[in-house]
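Please keep the viewer open as you read.

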Amino acid sequence: MTLDAMYIRGSMAAILSVLQHSSCPQNTIFHFVASISANASLLRATIATSFPYLKFRVYHFDDTVMAGLISTSIRSALDCPLNYARSYLSNILPICVHKIVYLDSDLILVDDIAKLSETPLGEGSVLAAPEYCNANFTSYFTPTFWSNPSLSLTFANRKACYFNTGVMVIDLDRWRLGDYTTKIEEWMELQKRMRIYELGSLPPFLLVFAGNIAPVDHKWNQHGLGGDNFRGLCRNLHPGRVSLLHWSGKGKPWVRLDANRPCPLDALWAPYDLLKPPFSFDS
């Protein structure tokens, strides 16, 4: 998980939900990535105080590696350099870390994370995630992209479907071997020149991995509960089972609860809220 002052409240709720629903919480190791400019000691102390027996490490992510690569997107929050840290995990984490579950900070689990971590990746996949093939995949890229055959043919012979990068199982050994960080950066560099997408760090992942990922049951990412990227309207769960609830989108449950304008599903997040006001991260 990434870690910063703005989302620490969500991160703490996510950690609690993982531990509460784990059959062997003592076997769970958390790797947190924080911006090099963040107050890492205060972030670390906030976690350690609430979870004194938690096995975790905090790593620094150097924002300067993103200089000149990030393009403005449809929502300013998506332009934060830390959103792109997931592309650099193979460099940030020690070489002895072979496989990880990546989680966003705006979610809670209601199932054992060990089940997700044991997802088989098959012989060739670098990552696994729930796919949503009914989503309009073309909408994630601009007309400039689709009108250029040399670009649109990227998805030729690939059954490319949308997947949400907030929940992924990643084989870091395969990632390192294939140098996928460089592949993602190459698309970001092209984006700076041609504007081929509008949505932050997601499209480069789709360009590199869509159609070549291992499947995960949709119950592991009931995403979109934060609404769309513009208004953050309330949304209901997708049909089916639920193992993970994800408030992706503009609306975050802690913000809506504090404003006394919660969505109905925010009540499912509230029991995991360890940092209710008047807590202040800067205190």
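Counting the bonded cysteines of the protein chain in sequence order, the pairing runs 1-2, 3-4. This is a predicted model, and a search through the whole of it turns up 2 disulfides. As a reminder, a disulfide is a covalent bond between the sulfur atoms of two cysteines.

Begin with the link between C133 and C161, where the S to S distance is 1.9 Å. The two cysteines are 28 residues apart and belong to distant parts of the chain. You will find C133 in the loop between β7 (131-132) and α5 (143-146), while C161 sits in the loop between α6 (149-152) and β8 (162-163). Which hand does this link have? With 100° about the S-S bond, the link of C133 and C161 is right-handed. Its two ends can be told apart by accessibility: C133 is partly exposed, because its relative accessible area is 42%, whereas C161, at 4%, counts as buried.

Now move along to the disulfide that joins C234 to C263, again with an S to S distance of 1.9 Å. About the S-S bond the value here is -85°, and the link of C234 and C263 is left-handed. C234 lies in the loop between β10 (214-215) and β11 (244-246), and C263 in the loop between α10 (253-258) and α11 (266-269), so this pair ties together parts that are 29 residues apart in sequence. Is each end buried or partly exposed? C234 has a relative accessible area of 45% and is therefore partly exposed, while C263 counts as buried because its relative accessibility is 6%.

Two further cysteines are worth a look. C24 is partly exposed, with a relative accessible area of 32%, and C80 is partly exposed too, at 29%.

Let's turn to the helices. Two packed helices are described by the angle between their axes and the distance between the axes. For helix α8 (residues 180-194) and helix α9 (residues 202-209), the angle is about 120° and the axes are 9 Å apart. That angle makes α8 oblique to α9, and α8 passes α9 in a right-handed crossing. Which residues make the contact? From α8 come Y180, K183, I184, W187 and M188, and from α9 come P204, F205, L207, V208 and F209. Sorted by class, the contact of α8 with α9 has 9 nonpolar residues, 1 charged residue and no polar ones.

Methods
Residues are numbered from 1 along each chain as its sequence is written. This is a predicted model: local features need pLDDT of at least 70, side-chain atom pairs count only at pLDDT 80 or more; totals for chains, interfaces and linings use all residues. Side-chain values use heavy atoms; hydrogens and water are left out. Axes are lines fitted to C-alpha atoms, for helices over the stretch in contact, and angles run from 0 to 180 degrees between N-to-C directions. Helices (H or I, at least four residues) and strands (E, at least two) are DSSP runs, numbered from the N terminus. Angles under 35 degrees count as roughly parallel, over 145 as roughly antiparallel, 65 to 115 as roughly perpendicular and the rest as oblique. A crossing is left-handed if the near helix is turned anticlockwise from the far one by less than a right angle, and right-handed if clockwise. Contact means heavy atoms within 4.5 Å. Ala, Val, Leu, Ile, Met, Phe, Trp, Tyr, Cys and Pro count as nonpolar, Asp, Glu, Lys and Arg as charged, and the others, Gly among them, as polar. A disulfide is a pair of cysteine sulfur atoms within 2.5 Å. Buried means under 20% relative accessible area, exposed over 50%, partly exposed in between (1.4 Å probe, protein chains only).
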